[in-house]
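Hi,

Here is the structure I promised to pass on to you.

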Amino acid sequence: MFGDLKRKLTKIGYVPRRKELVALNCALNRNNGAKVIILEGQPGTGKTFLAESFAKIIGAEYIYLLCHNWLSDEEMFIGLDVPRLVVGVSRPEEAYKPGVLKRAVDASNGGFAVVCIDELDKTPERMEALLLDFLQSGRVYGPQGEVWEGKLDKMFVFITTNNQRSLLEATLRRGFRVRTEYHTPQVESDILRKKTGAPVNIIRAVLRLAMIIRKNGASSPSLKEAENLIIDLKTARSAEDVRYLLEGWLIKEPEDINALLEQTKDPASIIWGEIRRAKWSGGN
Ligand SMILES: Nc1ncnc2c1ncn2[C@@H]1O[C@H](COP(=O)(O)OP(=O)(O)O)[C@@H](O)[C@H]1O
Ligand SMILES: [Mg+2]
């Protein structure tokens, strides 16, 4: 089972860690209520990508909500479809516009549903409290007292948080918590190699800078940013170009550049040196 999950995820580009496989495998085998997985970790550690990839490999309908601090009940549960009401509806259901949880309920009645409530820490606690009842019951209530019930054993709910605020204790108790981390440099290097086809010396040099920023800087460059940087490096024609690319993809805060300068005299020249060494530039 673990091997199967691992193979399927890897095949579509997600390189899973053992603890993620454990969580997914348990969710697939548990049948006593909602299957909730709470992914906590820094930006860029693959939380959203994992939810999306899992939906793909189990052939589930993927329902996604990116949270924000003015998130409404309508977006989460169900709202009135005002434009349709103006035009006129023939059946009462047509007056409603399903929010993500209503869509999850409907999807779970037809097959598997994977719901990703992304970055729940960005919503006020009030919204999180409303979500709790759904996680317990799998039910969404309409404004006229309608009740729609989903199949909890067909529903996987991924909640992600970047820890801008702590989630409610009650939410944490309802899910299998997985702390996501960056992969080891070796695995990150393999992923980037597959994605970019760039020479390994360039990939390693970029990852080394990313790692310095993650450790001592203010931001946390993701694998995706490293990937974009490496692809764009092919267009560089000088160390100066490389500097702008580093600023465009890796460096976000003054602390990031300070961290780099503390450990490397001239990060752009180092990368430029590697590009020339590998003769990788698109031609001078
Ligand atoms: N385990 C992984 N395997 C493959 N790629 C990954 C992995 N984790 C992260 N990535 C890459 O990093 C990018 C950012 O991941 P994302 O899911 O957006 O992070 P988060 O949601 O934690 O901020 C992904 O689009 C993917 O390219
Ligand atoms: Mg994300």
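The shell around ligand 1 is made up of six nonpolar, seven polar and four charged residues (Ala, Val, Leu, Ile, Met, Phe, Trp, Tyr, Cys and Pro count as nonpolar, Asp, Glu, Lys and Arg as charged, and the others, Gly among them, as polar). Before the rest, some ground rules: this is a predicted model, where local features need pLDDT of at least 70, side-chain atom pairs count only at pLDDT 80 or more, and totals for chains, interfaces and linings use all residues. Residues are numbered from 1 along each chain as its sequence is written, chains are lettered from A and ligands numbered from 1 in the order in which they are written, and side-chain values use heavy atoms, with hydrogens and water left out.

In total, 17 residues surround ligand 1, each with a heavy atom within 4 Å of it. V15, G44, K47, T48 and F49 are the closest. Helix α3 (47–58) is one of the elements giving two or more residues to this shell, and α3 contributes the most, with three (helices are DSSP runs of H or I, at least four residues, numbered from the N terminus).

Now the polar contacts, meaning pairs of N or O atoms within 3.5 Å. A polar side-chain atom of T48 is 2.8 Å from an oxygen atom of ligand 1, and a backbone N or O atom of G46 is 3.1 Å from a ligand oxygen atom. On the nitrogen side, an N or O atom in the side chain of R17 lies 3.5 Å from a nitrogen atom of ligand 1.

Best wishes

Note on methods: Polar contact = N/O pair within 3.5 Å; in protein donor to acceptor, adjacent residues only side chain to side chain.
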